[in-house]
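Work through the exercises below with the structure open beside the text. Each task is followed by a solution in steps.

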Amino acid sequence: MHTTMIEETLLGKRTEYPRQYAPEILVGVPRYINRETYSLKDDNLPFVGIDTWHGYEIGFLTENGLPAVGILKLTYPASTPCIVESKSLKLYLNSLNMEHFGCNAIEGYELVAERIRQDVSKCVGGEVSACVFGPESRCVPSALVDYSILENEPWASDIVIDRYTEAPELLEKARDGGIMTVATHLLRSNCKITHQPDWGTAYILMSGKDLPTEESLLKYLVSIRGENHFHEEICEMIYTRLWRAFRPDEMMVCCVYTRRGGIDICPMRASSEELLPVGLKESALLTEKMMRQ
């Protein structure tokens with residue numbers, strides 16, 4: 001499914017919400033389409049990763065017709081052949097609104113989560129985890145804390161930025177290595193098909209003898225502003241550029257995107273499983289919302 005074929009799907013088209021359960025509306029987009037651009041091979045990826053989705057408009061009916069609402073958390077590994085197209089996921093989730101699940105809300109949460117898990121697993125071609133949380137569910141703190149916000153640093157107001165299409169050549173090597181934990185709320189890219197803007201926060205952890213300067217890293221991340229990619233592709237692009245330029249000992253990139261149409265996505269990639277933020281990667285944990293959510 002190349003870009004022209006993706007354009008023929010629901011994304012970017014005026015579409016009515018389905019009035020009954022419609023698993024066939026889910027669309028999977030092959031990951032290899034973007035990975036070919038960066039010479040990434042599925043059997044030799046320089047990262048492991050998780051794609052985490054939150055659905056804030058989950059609703060269904062119990063067996064006696066009483067509506068129930070909750071928050072969905074959906075996760076699947078970066079090794080699945082496909083990603084789920086966001087608009088098709090939104091429409092699919094809304095197709096559940098008039099379906100009956102369970103004799104009460106608690107039972108319904110489990111049943112609807114299992115239905116979603118099965119349908120999305122089929123769409124992406126791999127194992128999916130799903131959990132639906134009720135309105136009274138407790139949240140765990142985000143693990144993405146103690147990251148320095150690049151644009152808040154004293155030097156940020158003095159640098160000149162004039163590149164707004166992805167420019168990895170902007171990256172410069174720092175004098176010293178060590179550990180870097182930085183973030184920016186200025187992440188912006190555009191949908192590959194509709195070109196609507198996507199806003200988010202990028203979190204980057206790197207350790208090694210060679211690291212980028214903070215100034216050049218911010219310039220690079222801002223240069224993504226004019227790129228047209230899906231969220232997962234942006235995360236993998238950032239990771240691949242930094243990995244190849246600096247060959248760090250360890251690295252993690254997590255992109256937390258603003259919700260659109262009642263859903264958000266938080267793709268994360270890392271050199272090892274242990275570096276992935278636990279609160280985000282585990283479907284059974286609902287984390288406190290961050291700024292961009």
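**Exercise 1: a charged pair**

Arg-269 is buried, at a relative accessible area of 0% (buried is under 20%, exposed over 50%, partly exposed in between, with a 1.4 Å probe and protein chains only). The model is predicted, so local features need pLDDT of at least 70 and side-chain atom pairs count only at pLDDT 80 or more, while totals for chains, interfaces and linings use all residues. Residues are numbered from 1 along each chain as its sequence is written, and side-chain values use heavy atoms, leaving out hydrogens and water.

Task: find which side chain meets Arg-269 in a salt bridge, a side-chain nitrogen of Lys or Arg within 4 Å of a carboxyl oxygen of Asp or Glu.

Solution.
1. The partner is Glu-236, with 3.0 Å from N to O.
2. Glu-236 lies in helix 6 (residues 231-246) and Arg-269 in strand 10 (residues 263-270), so the pair ties together parts 33 residues apart in sequence. Helices (H or I, at least four residues) and strands (E, at least two) are DSSP runs numbered from the N terminus.
3. Glu-236 is buried as well, with a relative accessible area of 4%.

**Exercise 2: two further pairs**

Task: state whether Arg-163 and Glu-169 are buried or exposed, then do likewise for Lys-281 and Glu-273.

Solution.
1. A salt bridge of 2.6 Å, N to O, joins the side chains of Arg-163 and Glu-169.
2. Arg-163 is partly exposed at 31% relative accessible area, and Glu-169 is exposed at 54%.
3. Lys-281 and Glu-273 form a salt bridge at 3.5 Å, N to O.
4. Lys-281 counts as buried at 15% relative accessibility, whereas Glu-273 counts as partly exposed at 39%.
5. Salt bridges with shared partners also link Arg-31, Arg-35, Asp-42, Asp-51, Glu-236 and Arg-269 into one network.
6. The structure holds 14 salt bridges.

**Exercise 3: the whole chain**

Task: how does the radius of gyration of the protein agree with that of a compact globule, and what is its make-up?

Solution.
1. For 293 residues, a compact globule would have a radius of gyration near 19 Å; the protein has 20 Å, which agrees. The radius is taken over C-alpha atoms, and the globule rule is 2.2 Å times the number of residues to the power 0.38.
2. The protein has 7 helices and 10 strands.
3. Of its 293 residues, 56% count as buried.
4. Its C-alpha atoms fill a box of roughly 65 × 40 × 35 Å along the principal axes.
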